[in-house]
Amino acid sequence: MIYRILIIEDEKAISDLISMHLSMEGYRCTCKYNGIEGADAIESMQFDLILLDIMLPGADGYELMDFIKPLGIPVIFITAKHDIKDRVKGLRLGADDYLIKPFDIVELQARVETVLRRYYKLDNIAHIGDVTVNFDARVVTKAGRPVELTVKEYKLLVLFIKNKNIALFRDVIYEKVWECEYDGDSRTVDLHVQRLRKKLGFENILITVYKVGYRLEVA
């Protein structure tokens, strides 16, 4: 399932940064830059989560919460308002979480996943053919037998599962798994993909995408 996220944030640079990183994680993002546009989007489209700034032109985040709450869509406030009374007000209005600017994008991604898991009961276990991945226990089995993966191989597998049927560029894979800037050498990524294919029997579903990278192709 691809989760749809509405980002209502008037600072375009922040909105674009959030959208870029969440899209790389497999989410489908829509950006609106004021409260009125945000309300119109909520009225005309379906969303699974809303990332909502408080200080917005048109209608502020607190006003939008009155509109959102009856719809049952989870909300994470993203704001520069750091006073405890603002945080309490947001949570009492029905927000599910509250993130203060400036924030680390990795923390935002974790909070998004946590809220979605709580609302939509995201599976902690993935099944791909005869391979099973238990994300909580970090255990991988094939036909019921444990498969030993290195830390990087496991992170690579999780990245492909979270982005199944999506072509991932080698530089994106490298930066996500190795957590540093891609240096243009694709051998590291290619070697780990080859090992993962062999260990899990993914030769026919972990597809090479010409001049791009790789895609985990599953039904």
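Below, we take a few labels one by one and check them against their definitions.

Modeller: First, the ground rules: this is a predicted model, where local features need pLDDT of at least 70, side-chain atom pairs count only at pLDDT 80 or more, and totals for chains, interfaces and linings use all residues. Residues are numbered from 1 along each chain as its sequence is written, and side-chain values use heavy atoms, leaving out hydrogens and water.

Colleague: Why is His-192 called buried?

Modeller: Buried means under 20% relative accessible area, exposed over 50%, and partly exposed in between (1.4 Å probe, protein chains only). His-192 has 12% relative accessibility, so it counts as buried. You'll find His-192 in helix 8 (residues 187-200); helices are DSSP runs of H or I with at least four residues, strands are runs of E with at least two, and both are numbered from the N terminus.

Colleague: And what does His-192 touch?

Modeller: Contact means heavy atoms within 4.5 Å. Not counting residues up to four places away in sequence, His-192 touches Lys-152, Glu-153, Leu-156 and Trp-178.

Colleague: What makes something a nonpolar core?

Modeller: It's a set of buried Ala, Val, Leu, Ile, Met, Phe, Trp, Tyr and Cys residues joined through side-chain atoms within 4.5 Å. The largest one here has 28 residues, and Val-140, Leu-157, Phe-160 and Ile-173 have the most contacts inside it. Helix 6 gives the most to this core, with 7 residues. Leaving aside neighbours within four places in sequence, Leu-157 is in contact with Val-133, Val-140, Leu-149, Leu-196, Leu-200 and Phe-202.

Colleague: Why do strand 6 and strand 9 count as edges?

Modeller: Two strands pair if DSSP finds at least two bridges between them. Strand 6 and strand 7 are joined by 4 bridges and run antiparallel. The open sheet has 4 strands in the order 6-7-8-9. Strand 6 and strand 9 each have a single partner strand, so one side of each is left without a neighbour in the sheet.

Colleague: How do you know that helix 1 is oblique to helix 5?

Modeller: Axes are lines fitted to C-alpha atoms, for helices over the stretch in contact, with angles from 0 to 180 degrees between N-to-C directions. Under 35 degrees is roughly parallel, over 145 roughly antiparallel, 65 to 115 roughly perpendicular, and the rest oblique. Helix 1 (residues 12-24) and helix 5 (residues 105-120) pack at about 60 degrees, with their axes 11 Å apart. That angle makes helix 1 oblique to helix 5.
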